[in-house]
Amino acid sequence: MQKLTAHHLNSLNSGQVQVSIKKFDGYLQFDFSVITNDINVDPSFSLDTLDNIGLWNFDVVEVFLRKGNPNGEYLEVQVSPLGQKYALKVISPRLETLPVQELDFHSTQRETSNGFEVSIKLSYAELPGEDGDIYGNVFACLGTPDNRCYYALNINKEETPDFHRPDLFLNLSKELL
């Protein structure tokens with residue numbers, strides 16, 4: 001498992017996030033293990049749709065992916081500890097996005113004695129871009145609004161956490177798979 005790096009503004013006792021990534025039979029699988037003191041969720045989000053706008057304001061694990069090269073459109077997928085999902089195609093970060101209504105995407109989750117685990121299974125065919133290596137980054141947002149903590153495989157160094165940075169995407173095909 002790979003340990004996600006905490007953003008430098010996180011509180012000292014903010015928790016720990018690890019992920020393992022596998023590719024098999026045309027799918028990518030991301031298995032997250034999250035250690036946290038409290039789970040921050042909102043049960044009012046839907047379990048049946050992918051358009052849970054604002055889900056990122058509660059505990060979620062996230063995967064941003066594309067294939068072929070690190071630049072261009074990418075897919076953003078989020079899952080909460082309750083199994084609520086959000087998916088979005090990002091055309092240009094913070095400028096242009098498209099909602100995703102259907103996606104070959106499955107997840108499982110369970111609460112543990114010291115946090116939660118989430119497994120995300122996503123079809124390689126669903127990723128934007130041309131066939132080739134898989135580029136992306138993996139994230140977690142945890143905690144309440146007054147004590148929000150951010151994690152990534154490749155975290156930005158600026159004062160504000162920023163996940164929409166394709167320049168920080170990793171070649172997951174070479175580095176982690």
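This is a predicted model: local features need pLDDT of at least 70, side-chain atom pairs count only at pLDDT 80 or more; totals for chains, interfaces and linings use all residues.
Local features were taken only where pLDDT is at least 70, and side-chain atom pairs only at pLDDT 80 or more, while totals for chains, interfaces and linings use all residues. Residues are numbered from 1 along each chain as its sequence is written, and side-chain values use heavy atoms, with hydrogens and water left out.

The protein contains one helix and 13 strands. Both kinds of element are DSSP runs numbered from the N terminus, a helix being H or I with at least four residues and a strand being E with at least two. In sequence order the pattern is β-β-β-β-β-β-β-β-β-β-β-β-β-α. The radius of gyration is 15 Å, close to the 16 Å that the globule rule gives for 177 residues, so the protein is as compact as a globular protein of that length. This radius is taken over C-alpha atoms, and the rule is 2.2 Å times the number of residues to the power 0.38. Along the principal axes, the C-alpha atoms fill a box of roughly 40 × 35 × 30 Å.

Of the 177 residues, 50% are buried. Buried stands for under 20% relative accessible area, exposed for over 50%, and partly exposed for values in between (1.4 Å probe, protein chains only). Among contacts with a separation of 6 or more, 61% join residues 24 or more positions apart; a contact means heavy atoms within 4.5 Å.

Five strands form an open sheet in the order S1-S3-S4-S10-S9, with antiparallel pairing. Its edge strands are S1 (2-3) and S9 (105-112), each of which pairs on one side only. Two strands count as paired if DSSP finds at least two bridges between them. S1 and S3 (residues 16-24) pair in the antiparallel sense over two bridges, and Gln18 in S3 is the bridge partner of Lys3.

Seven aromatic pairs were counted. Rings of Phe, Tyr and Trp (its six-membered ring) pair if their centres lie within 6.5 Å; planes under 30 degrees apart are stacked, over 60 edge-to-face, and the rest tilted. Trp56 and Tyr86 form an edge-to-face pair, at 5.2 Å centre to centre and 65° between the planes. This pair links distant parts of the chain, with Trp56 in the loop between S4 (27-35) and S5 (60-67) and Tyr86 in S7 (residues 85-92), 30 residues apart. Trp56 is partly exposed, at 31% relative accessible area, whereas Tyr86 is buried, at 7%.

Phe64 and Phe139 also form an edge-to-face pair, at 4.7 Å centre to centre and 65° between the planes. Phe64 lies in S5 and Phe139 in S11 (residues 134-142), 75 residues apart. Phe64 is buried with a relative accessible area of 0%, and Phe139 is buried with 1%. Ring pairs join Phe64, Tyr74, Phe139, Tyr150, Phe163 and Phe169 into a cluster.

Charges also sit over rings, a relation that requires NZ of Lys or CZ of Arg within 6 Å of the ring centre and within 35 degrees of the ring normal. The charged end of Lys67 is over the ring of Tyr124, 4.5 Å from its centre. Lys121 lies over the face of Tyr27, at 4.6 Å from the ring centre.
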